[in-house]
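Here is a short briefing to read alongside the model. Please keep the sequence and the 3D view open as you go.

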Amino acid sequence: MSSGKQQPTAAAPAHSGAAAVAMRRVGMFGGTFDPIHAAHLRMAEAFVAQCRLDELRLIPAGNPYHRDSGPQASAEQRLAMVQLAIAGRAGWQADDREVRRSRPAYTVETLEELRAELGPACQLWLLIGGDSLHQLPGWQRWQHILQLANIAVAVRPGFDAANLPAVLQPYWRQVPDFSNSAASGTIRALTLPPVPLSATLLRHKLAGGEDCSGLIAPAVMQYITRHRLYRSTAR
């Protein structure tokens, strides 16, 4: 997904007055997943547990033009690795909509599709990182994102909501649980321990032939080996 930066215009938070009873909760976790690894899965588990999600959609970016260089694995390979990593997890789904697109996708467009499929009463959550939250006012139609979904933020130690841009302050709710009935329009933090692991670090380890046991799901590691992904040209 791409944020599609543009200048924001003022807009008020959108909140649903829908009752809390039996409201379905669906989460969207997008990323390059090049490759998907243990930190991704731990974040996804926290997302599901703390937002009490009934369903989680992991959405690999097909053509992420917000990156300086393209992914090393193809979109189809990254989708296959996500499918392998989450196999057997009830309610978790590898969503291929951005892989199937012929052009890069804005986050707001993917959320529009999901909202149209899920209906107005469903509680829809988008997972992003703390750095992305600070950049949110520069994203394509960012206010509309908050009309479509709530945002869960995976924050790092030292994160202080008081330092958020002023335009985001009305949306922020620092509360101990995620049991509100709003279908969209709030921003909240996920509580999870920091994991010093990144796809960049993993690609470096894989290129050097280092052991990545415990960092990547075994089925994903087998796929990487079989397809000779992330290998150094010198090897």
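This is a predicted model: local features need pLDDT of at least 70, side-chain atom pairs count only at pLDDT 80 or more; totals for chains, interfaces and linings use all residues.

Residues are numbered from 1 along each chain as its sequence is written, and side-chain values use heavy atoms, with hydrogens and water left out.

**Overall layout**

- The chain has 8 helices and 6 strands, where helices (H or I, at least four residues) and strands (E, at least two) are DSSP runs numbered from the N terminus.
- Read from the N terminus, the order of elements is β-α-β-α-β-α-α-β-α-α-β-β-α-α.
- Take the contacts in the chain with a separation of 6 or more: 76% of them are between residues 24 or more positions apart. Contact here means heavy atoms within 4.5 Å.

**Helices H2 and H8**

- Two packed helices are described by the angle between their axes and the distance between the axes.
- Helix H2 (residues 75-86) packs against helix H8 (residues 218-226) at an angle of about 150 degrees, and their axes are 8 Å apart. That makes the two helices, H2 and H8, roughly antiparallel.
- For reference, axes are lines fitted to C-alpha atoms, for helices over the stretch in contact, and angles run from 0 to 180 degrees between N-to-C directions. Angles under 35 degrees count as roughly parallel, over 145 as roughly antiparallel, 65 to 115 as roughly perpendicular and the rest as oblique.
- H2 and H8 have a right-handed crossing; a crossing is right-handed if the near helix is turned clockwise from the far one by less than a right angle, and left-handed if anticlockwise.
- On the H2 side, the residues that meet H8 are Gln-77, Ala-80, Met-81, Leu-84 and Ala-85, and their partners in H8 are Ala-219, Val-220, Tyr-223 and Ile-224.
- Sorted by class, the contact of H2 with H8 has 8 nonpolar, 1 polar and no charged residues. In this scheme Ala, Val, Leu, Ile, Met, Phe, Trp, Tyr, Cys and Pro count as nonpolar, Asp, Glu, Lys and Arg as charged, and the others, Gly among them, as polar.
- Tyr-223 sits in helix H8 and counts as buried at 9% relative accessibility.
- Tyr-223 and Leu-84 are 139 residues apart in sequence, yet their C-alpha atoms are 8.6 Å apart in space.
- Beyond its neighbours within four places in sequence, Tyr-223 is in contact with Gln-77, Ala-80, Met-81, Leu-84 and Leu-229.

- Arg-97 belongs to helix H3 (residues 97-100) and, at 7% relative accessibility, counts as buried.
- The Arg-97 side chain makes polar contacts with the side chains of Glu-113 (2.9 Å) and Glu-117 (2.9 Å). A polar contact is a pair of N or O atoms within 3.5 Å; within protein, one must be able to donate a hydrogen and the other to accept it, and residues adjacent in sequence count only if both atoms are side-chain atoms.
- Arg-101 lies in the loop between H3 and helix H4 (107-118) and is buried, with a relative accessible area of 19%.
- The side chains of Arg-101 and Thr-110 are joined by a polar contact of 3.5 Å.
- Leaving aside neighbours within four places in sequence, the contacts of Arg-97 include Arg-57, Ile-59 and Leu-114, while Arg-101 touches Glu-109, Thr-110 and Glu-113.

**Val-153 in strand S5**

- Val-153 is in strand S5 (residues 150-154) and is buried, with a relative accessible area of 0%.
- Among its contacts outside the four neighbouring places in sequence are Gly-129, Leu-133, Trp-172 and Ile-187.

**Backbone points to check**

- Most residues other than glycine have a negative phi, and most peptide bonds are trans.
- The peptide bond from Asp-34 to Pro-35 is cis, with omega near 5 degrees; Pro-35 is in the loop between strand S1 (25-31) and helix H1 (38-50).
- Arg-141 has a positive phi, near 50 degrees, and counts as partly exposed at 31% relative accessibility.
- Tyr-230, in the segment after H8, has a positive phi of about 60 degrees and is buried at 5% relative accessibility.

Terms used
Buried means under 20% relative accessible area, exposed over 50%, partly exposed in between (1.4 Å probe, protein chains only).
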